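Me: Could you take a close look at the charged side chains in this one for me? I'd like to know who they pair with and what surroundings they sit in.

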Amino acid sequence: MMRILFVLLLSLFSIIVDAQQGRSIHGRWKIVSIADEEMYYNFKKDSVSLSPVFSSPMDKAQAKELIALLLGMAGDGIFIFGKDGHYELLHDTKQDGVGTYIVSDRDSLITANVVRNGVKVIEKMKFYIKEQLLHLTKIDDGRSMKLVLEKLPEN
């Protein structure tokens with residue numbers, strides 16, 4: 001009997017701790033930073049870090065163009081993960097994609113079925129939450145893009 005009580009209390013404690021750590025992806029998340037193999041950009045601090053690949057002045061000019069492009073694509077980017085499986089991506093408050101998503105906690109994988117500009121796409125993102133920030137790594141055939149997002153207050 002004491003063993004059963006101990007297991008129940010331990011289970012209840014772990015559920016409470018998980019809830020307090022905010023491990024759910026449900027809600028509205030704003031992009032804080034974006035990175036790939038060649039660059040890192042922090043939107044909150046307006047800071048950039050470039051890999052040694054961008055060593056010449058011409059390369060640095062190309063890097064600035066890349067950063068401007070990223071700002072245009074991801075600036076004010078908001079991911080919405082609804083409790084009902086609704087998925088939405090906003091860019092400068094305009095809808096950039098809408099669909100549904102599922103989460104595989106076992107694989108730490110989010111799979112979103114999204115319609116963008118009339119085209120259906122499947123987006124796969126590895127994820128984890130650390131220090132109340134959502135870390136996403138987009139998985140596709142191209143470059144690996146890493147995003148860090150902070151949760152926005154609920155309305």
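Reply: Asp107 is partly exposed, with a relative accessible area of 32%. Its side chain meets that of Arg106 in a salt bridge, 3.5 Å from N to O, and Arg106 itself counts as exposed at 73% relative accessibility. Bear in mind that this is a predicted model.

How many salt bridges does a search of the whole structure find? It turns up three. Another one links Glu150 and Lys44, with the closest N and O atoms 3.1 Å apart. Glu150 is in strand S10 (residues 145-151) and Lys44 is in the loop between strand S2 (39-42) and strand S3 (47-50), so this pair ties together parts that are 106 residues apart in sequence.

What Glu88 does have is a polar contact of 2.8 Å between its side chain and that of His86.

Where does Glu88 lie? It's in strand S5. Five of the six residues of S5 (residues 86-91) are buried, so the strand is largely enclosed by the rest of the structure. Setting aside neighbours within four places in sequence, Glu88 is in contact with Ile78, Phe79, Ile80, Gln95, Gly97 and Val98.

S5 has strand partners too. Strand S4 (residues 77-81) runs antiparallel to S5, joined by five bridges, and one of the pairings is Gly77 with His91. The S4–S5 hairpin has four residues between the strands, and Gly85 takes a positive phi near 95° there.

S5 also pairs with strand S6 (residues 94-104), again in the antiparallel sense, over six bridges. For Tyr87, the bridge partner in S6 is Gly99. These strands form a hairpin with two residues between them, and Asp92 in the turn has a positive phi of about 50°.

Key. Residues are numbered from 1 along each chain as its sequence is written. This is a predicted model: local features need pLDDT of at least 70, side-chain atom pairs count only at pLDDT 80 or more; totals for chains, interfaces and linings use all residues. Side-chain values use heavy atoms; hydrogens and water are left out. Buried means under 20% relative accessible area, exposed over 50%, partly exposed in between (1.4 Å probe, protein chains only). Two strands pair if DSSP finds at least two bridges between them. A polar contact is a pair of N or O atoms within 3.5 Å; within protein, one must be able to donate a hydrogen and the other to accept it, and residues adjacent in sequence count only if both atoms are side-chain atoms. Contact means heavy atoms within 4.5 Å. A salt bridge is a side-chain nitrogen of Lys or Arg within 4 Å of a carboxyl oxygen of Asp or Glu.
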